[in-house]
Amino acid sequence: MARPSSCSASRGGTLMADFLLVFCPQQQGLEVEQIKKQLRRFGAHAVQQETTCETGLEQLQQQRFDFVIVGSRLAADAGAVVEDGGGLDFCRRARLLTQTPMMLLAPALTSELQRESARVPGLTAYADPGTAGGFALELLQPGQRVDPCLAIRVKASETGWSFDIDGIGFKFHGDGMLTVPRSAWMRWEAQHMFQPDWYDEFSDIGESIRIALCDENPHFKVQRELGRAAAAMQLGDAGRELPDRLTFAVSEACYPLMLEAVFDPSLRPEPWLAQAASVARRLLESDGDASQDLFSGPPAARRALLICADTHGSVFSAKLLGGQVRLDPLTSVRLECARVRKLLTTRDARTGQPLFYEDNIRVLGMDGPVTRAALDAALREGNWDLIHFAGHTCFQRHGAQQRGGTGFLFIGPAEEPEGIDFGDIVSYMREARFVYLSSCESGNSGFAALAATAGIHAVLGYRCRVNDRTAALQARLFYRMLLRSHSLNAAFGLARRRIYKRYRDRDNAWASAMLVTPEFRS
């Protein structure tokens, strides 16, 4: 009798799942041991192995598995010879017995193999045994899809720069040191991206960074080209238009640098982030935990806090540079929060599950102004997985109360706004897995960097001032993409490129947005 599937995700992030591996004796050994090691390391509950099509199908009839990984070469039974197409034939026959997702592991993804694999529902063709186990576990996350890409990590610190390039879904690794003179840093800090000619300033910075990384460091450019060549060789046609996943790991001294502005290293004069699969940054000094991903637990266990800080007027405080700041009326924050709430509770057509259940979402500010007492009380409750703030914020680097600059967010009724030092409340957010700050200058060190340093898994904010309406649109696109992808990086990249295509040089929201995370513990 088939037993119930044991696939489940705990709040700590471990995915308990049962795997069936079907590989012929010739494909066993190092490759299969690599896969087993990955599966057990990252959360597999049980791993069972068979060596022929016949015995594998018998196991599928007798018990239920959460995932099946099949070698491309397989014999029909113990008395038959191993055939190159045996694995694909097994997958076709297995699909008649079960809807369990499967992976076909082949030495190379030929066009014919990809075409035939696509005809088997729920079958993923793959070519890298070194990452097959981890890739399979990622595919098991509901609604999540992970595509092959070139993962580029640039480490920037005052003591030196370096890079690593790895193939995701195929075999490749490259690394090396980067020579970036400190004199170049001075022009890589954008201060006035809200001006009419902001795109010219942004483009100058982006082109300067491209020249520094690629033209003045040819080893980096060569390694990226070799990675793309390896993808084309191993993945066939699927590897010829391979996207990049670009991550900047920065020290505190390098945090202000607008590295995300870097232009595409190819001949296209366009920002890299308009082409890349994603562009994100991490903090070198912080110490994050990868198990605290927003989607490591079931939807019923997740809680969200939405803060609609619809206020305007003059704020007077000795902490503010010049003693005061004037806040303009906001036109879209209420609509933004209403749409975010609707998207968080929308059920995914594929899984039938929402990102959050209605009863687990609390909204402040829709029925009255957000007071300091109400905000403190809500944050002190803790256990918020997601916190979304829509309203006014500002950042001041000079005359700041703390190292790295100070960020202020503003709450209160209209014409009576109150400024709050973000550093005074960030400790109440330590349990949050994702904080979205839909407000001006919230991607700077006084907000995003401070939150990431506090251990929050991910923070999304804006480096510069941002238009209220465009910020609301980007939030809507982001959460819509998040429902589809269950990936912060993917949703962020897709939403930003949508805004880029629509506005390009007319609005800075796509160029100013930043996704910041800590460096994860190994």
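Analyst: A helix is a DSSP run of H or I with at least four residues, and a strand is a run of E with at least two; both are numbered from the N terminus. The model is predicted, so local features need pLDDT of at least 70 and side-chain atom pairs need 80 or more, while totals for chains, interfaces and linings use all residues. Residues are numbered from 1 along each chain as its sequence is written, and side-chain values use heavy atoms, without hydrogens or water.

Phe202 is buried, with a relative accessible area of 0%. (Buried means under 20%, exposed over 50%, partly exposed in between, with a 1.4 Å probe and protein chains only.)

What does Phe202 touch, beyond residues up to four places away in sequence? Its partners are Met193, Met258, Ala261, Pro271, Trp510 and Ala511. (A contact has heavy atoms within 4.5 Å.) Val262 lies 60 residues from Phe202 along the chain, yet their C-alpha atoms are separated by 9.1 Å.

(Rings of Phe, Tyr and Trp, the latter by its six-membered ring, pair if their centres lie within 6.5 Å; planes under 30 degrees apart are stacked, over 60 edge-to-face, the rest tilted.) The count for the protein is 17 aromatic pairs. One of them is Tyr500 with Trp510, an edge-to-face pair at 4.6 Å centre to centre, with 80° between the planes. This pair links distant parts of the chain: Tyr500 sits in helix 14 (residues 488-503) and Trp510 in helix 15 (residues 509-512), 10 residues apart. Tyr500 is buried at 6% relative accessible area. Trp510 is buried too, at 0%.

Now step back to the whole protein. It has 15 helices and 24 strands. Of its 522 residues, 55% count as buried. Take contacts between residues at least 6 apart in sequence: 69% join residues at least 24 apart.

In soluble globular proteins, nonpolar side chains tend to be buried together. Which residues touch the most other members of the largest nonpolar core? They are Phe90, Trp161, Trp188, Phe434 and Phe478, in a core of 139 residues. (Such a core is a set of buried Ala, Val, Leu, Ile, Met, Phe, Trp, Tyr and Cys residues joined through side-chain atoms within 4.5 Å.) Helix 13 (residues 468-485) gives this core the most, with nine residues. A second, separate core of 18 residues includes Leu21, Val47, Phe135 and Ala136.

The charged end of Arg303 sits over the ring of Trp384, 4.0 Å from its centre. Arg281 has its charged end over the ring of Tyr255, 4.9 Å from the centre. (The rule: NZ of Lys or CZ of Arg within 6 Å of the ring centre and within 35 degrees of the ring normal.)

For contrast, look at a loop. Glu415 lies between strand 20 (406-411) and strand 21 (418-421). At 47% relative accessibility, Glu415 counts as partly exposed. Its phi is near 70°, a positive value in a residue other than glycine. Most residues other than glycine have a negative phi.
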